[in-house]
Amino acid sequence: MSVVGRVRVIVPTAGGHVRSLGALVRRLQEDGKRVVFVSADRPFHTLSQSLRDQGVAVDDVHFVDAVSSLSGSAPAHRPSNATFLPSPTMLEMLAMRIEQAALRFGPGAHVVLDSLDTLSLYNGANPVQEFSHYLANRLRLHGIHGDFVVHDGPTGRQMHDLVLSFTDDRIELPPGDAA
């Protein structure tokens, strides 16, 4: 029997967003998971340094960055542990890159997608709901676990309500804590 991936909605603490996610990724790494961190929220150079400051082994994380190219901050020399998309509006390409990175990691891969509400700012709520549903099913098919981050605010609550029916759990992260 094959393992079915579980997909959770993660709500980090307002004001402690990076600390909460840093603790989550650290915990996943301690549990032997290989993390694919998808960022639509912060550019690679800022995010990777913040996670490093939180004790995350960032060289062991594969980043799928949807915002650095758009903001003009993608590095000229691309690190081997990062994939850069031209824009966060390219949801099909984003899903494909996430799946490819997770499959390269093999068993033990875990996707953290930060965040659905940020993606909805670029794409609208309904396309992000469709994207999330598609991605959740693809992850489950391959036995890959995933965490879809939504912020605690109006847009985050809207995305939470749209994806809760096809996710397996909802976790609220206190500052610096992980599920």
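Select R52 and D59 to begin: the two form a salt bridge, their closest N and O atoms 3.6 Å apart. The term denotes a side-chain nitrogen of Lys or Arg within 4 Å of a carboxyl oxygen of Asp or Glu. This is a predicted model, in which local features need pLDDT of at least 70 and side-chain atom pairs count only at pLDDT 80 or more, while totals for chains, interfaces and linings use all residues. Residues are numbered from 1 along each chain as its sequence is written, and side-chain values use heavy atoms, with hydrogens and water left out.

At this pair, R52 is partly exposed at 38% relative accessibility, whereas D59 is exposed at 61% relative accessible area. Here buried means under 20% relative accessible area, exposed means over 50%, and partly exposed lies in between (1.4 Å probe, protein chains only).

Next, select R157 and D152. Their salt bridge has its closest N and O atoms 3.0 Å apart. R157 is partly exposed, with a relative accessible area of 45%; D152 is exposed, at 51%.

Move on to R170 and E172, whose side chains meet in a salt bridge of 2.6 Å, N to O. R170 is partly exposed at 36% relative accessibility, and E172 is exposed at 54% relative accessible area. By the rule stated above, the salt bridges number seven.

Helices (H or I, at least four residues) and strands (E, at least two) are DSSP runs, numbered from the N terminus.

Centre the view on L94. Neighbours within four places in sequence aside, L94 is in contact (heavy atoms within 4.5 Å) with V38, V64, L85, L119 and F131.

Finish at the surface with L70, L121 and Y122, a nonpolar patch with about 330 Å² of accessible area together. L70 lies in helix α3 (residues 68–71) and is partly exposed, at 46% relative accessible area. Patches comprise residues with over 30% relative accessible area and no salt bridge, like charges being joined within 9 Å and nonpolar side chains (Val, Leu, Ile, Met, Phe, Trp, Tyr) within 5 Å. Accessible areas come from the Shrake-Rupley method with a 1.4 Å probe; for residues, only the protein chains shown count as cover.
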